[in-house]
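Q: Could you walk me through reading a few features here, starting with how open a side chain is to its surroundings?

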Amino acid sequence: MTDGIAWLAEPQSIAWGGYSVVIAPDLESESLARRVAETAHRPYRPRAIGELTGRQVQDLLEGLYGEVLDGIALRHGEVDEWSYVIKYGGWQGEFGTGTRPVDRGGLHVHHLEYEEENGKPVPPSFAYRHDENLMCAFNLHLDGTWGYGSPEGDPKVVAAVQQRLTAAGLPDDDLEHRAVHRACLEVLQQHFGLTLPRERILEDTLPTLLLTGP
């Protein structure tokens with residue numbers, strides 16, 4: 001029995017401000033983290049700073065920059081065949097696909113993100129990319145007023161995910177956003193086999209990269 005990913009729907013599930021998590025199989029976690037760092041819009045240099053808890057990472061960023069959101073760090077780890085990378089600090093709007101996308105070279109990459117404190121408010125989102133192709137993406141409120149209000153991408157992958165969403169009774173306009181968020185995460189967990197070790201992420205130490213400026 002694994003922890004899955006549905007727990008990400010809880011308020012401040014990882015840290016204040018929301019979550020941004022990258023999950024991929026068959027790649028060592030530090031290599032995945034360095035690939036993620038390469039997609040930053042600014043030329044950061046990733047520097048390994050040892051194993052830290054999430055709280056220690058946030059305290060470090062605050063001590064170095066005055067505000068947690070003025071710096072960025074990446075914690076990374078592995079569970080079963082999956083590697084995962086968790087962003088801390090001011091990651092919002094700082095990353096894209098870039099000229100060296102994370103999913104290059106045939107890698108399967110799943111990205112879950114939620115700017116929880118964004119006042120607009122932006123829905124949580126999911127994107128699955130493989131070998132520099134978008135395979136499936138949708139927002140986890142299934143909100144048609146935002147981009148990817150329903151799954152888009154590779155027709156076969158999209159059809160399979162949509163079938164699971166329909167079987168789960170989604171979309172359902174009577175459900176509040178957090179319930180839809182959790183239900184969508186459960187669908188992704190079941191369909192793609194995604195999992196994250198909750199206690200280790202929240203309580204234990206993980207290898208950490210600090211992204212420093214040029």
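A: Buried means under 20% relative accessible area, exposed means over 50%, and partly exposed is in between, using a 1.4 Å probe and protein chains only. At 32% relative accessibility, E186 counts as partly exposed. This is a predicted model, where local features need pLDDT of at least 70, side-chain atom pairs count only at pLDDT 80 or more, and totals for chains, interfaces and linings use all residues. Residues are numbered from 1 along each chain as its sequence is written, and side-chain values use heavy atoms, with hydrogens and water left out.

Q: Which residue forms a salt bridge with E186?

A: A salt bridge puts a side-chain nitrogen of Lys or Arg within 4 Å of a carboxyl oxygen of Asp or Glu. For E186 the partner is R182, with the closest N and O atoms 3.5 Å apart. The two sit four residues apart in helix α4 (residues 177-192), so about one helical turn separates them. Helices (H or I, at least four residues) and strands (E, at least two) are DSSP runs, numbered from the N terminus.

Q: How many salt bridges does the structure hold?

A: Eight. One of them joins E38 and R100, at 3.4 Å between the closest N and O atoms. E38 lies in helix α1 and R100 in the loop between β4 and β5, so this pair ties together parts 62 residues apart in sequence.

Q: Is strand β5 largely enclosed or open?

A: Six of its eight residues (108-115) are buried, so β5 is largely enclosed by the rest of the structure.
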